[in-house]
Amino acid sequence: MPKSTNGGAILFLPSCTGVQGWNFKDIKKYWLNPFLKSGFVVGVVDYNANRNAKRPWNCGKNKHLTDHRLVRDVFNGVQSLAAVPGVDKDKIFTIGTSLGAQIGAEAISRKYTKIAQKENLITPRAHIGLYGGCSYPSRTYLTADITSPVLWLSGGRDVEVGKGCSDFLFNRISRSQPDSKFVLYKNATHCWDCSQLNGRSKQTAYGMQTYIFDAEITTSSQAETLKFIKKLMK
């Protein structure tokens, strides 16, 4: 809870490992604390907590949870934030990194917003995705069939997300959701805001990826996110 609320709320959706010792400090420093200072009520979804999760957690195709369950976690988090006194249910935003970006995008697809409507669930006002993949051979996450705006932040040196994102897709989304915005940081790798994992390398299905923490790009992505949200809160 912030010291003084502005009526808005943020639901943070972490990467596939959930909240762990190697990312907790970065999540708190670069995302939770800045939004608390700006007056937002903040929640975090930890998909793996109390579920006997183990490696590879929800990473890759062999996820601990189904995509449907992960999307349900998003909606459960939104409902929890909507129940907090002072939160305007029309001003709840989701922010996700990597897998969190992907399931946050899937949650605002027409398929899931129709389910939410039938079940009288509150849907996010908009979604912000950082270094998320749009689609893979086994699964599509971000499509033009979304019902809320997106801010999609990508890295030009991000090997891990594959090639599912395209200008064709982004243009289609911009026509249906004109408040959407797409930003490419040409020199950014996957996990550009991960100071705790700086220098870590991993073999992905699309090649070797080394995480390079970039303070300047992290600050820029924070500013883009806050600007995007404030515009939609008016």
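I started with two helices, H1 and H6, and found that their crossing is right-handed. A crossing is right-handed if the near helix is turned clockwise from the far one by less than a right angle, and left-handed if anticlockwise. Helices (H or I, at least four residues) and strands (E, at least two) are DSSP runs, numbered from the N terminus.

This is a predicted model: local features need pLDDT of at least 70, side-chain atom pairs count only at pLDDT 80 or more, and totals for chains, interfaces and linings use all residues. Residues are numbered from 1 along each chain as its sequence is written, and side-chain values use heavy atoms, with hydrogens and water left out.

I then looked up the geometry. Two packed helices are described by the angle between their axes and the distance between the axes. The axes of H1 (residues 24-37) and H6 (residues 215-233) come within 11 Å and cross at roughly 40°. Axes are lines fitted to C-alpha atoms, for helices over the stretch in contact, and angles run from 0 to 180 degrees between N-to-C directions. H1 and H6 are therefore oblique to each other. (Under 35 degrees is roughly parallel, over 145 roughly antiparallel, 65 to 115 roughly perpendicular, the rest oblique.)

Which residues of H1 meet H6? I listed Tyr30, Trp31, Pro34 and Phe35. Among their partners in H6 are Leu226 and Ile229. Contact means heavy atoms within 4.5 Å. Ala, Val, Leu, Ile, Met, Phe, Trp, Tyr, Cys and Pro count as nonpolar, Asp, Glu, Lys and Arg as charged, and the others, Gly among them, as polar.

Next I took H2 and H3 (residues 99-107). Their axes come within 9 Å and cross at roughly 80°. H2 and H3 are therefore roughly perpendicular to each other. Residues of H2 in this contact include Leu70 and Val74, and those of H3 include Ile103. The contact of H2 with H3 has seven nonpolar, no polar and two charged residues.

Last, the sheet. I found an open sheet of six strands, paired in parallel, in the order E2-E1-E3-E4-E7-E8. Strands pair if DSSP finds at least two bridges between them. E2 (41-44) and E8 (181-185) are the edge strands. E1 (residues 9-13) pairs with E3 (residues 92-97) over five bridges. Helix H2 (residues 67-82) packs on the sheet and touches E1, E2 and E3.
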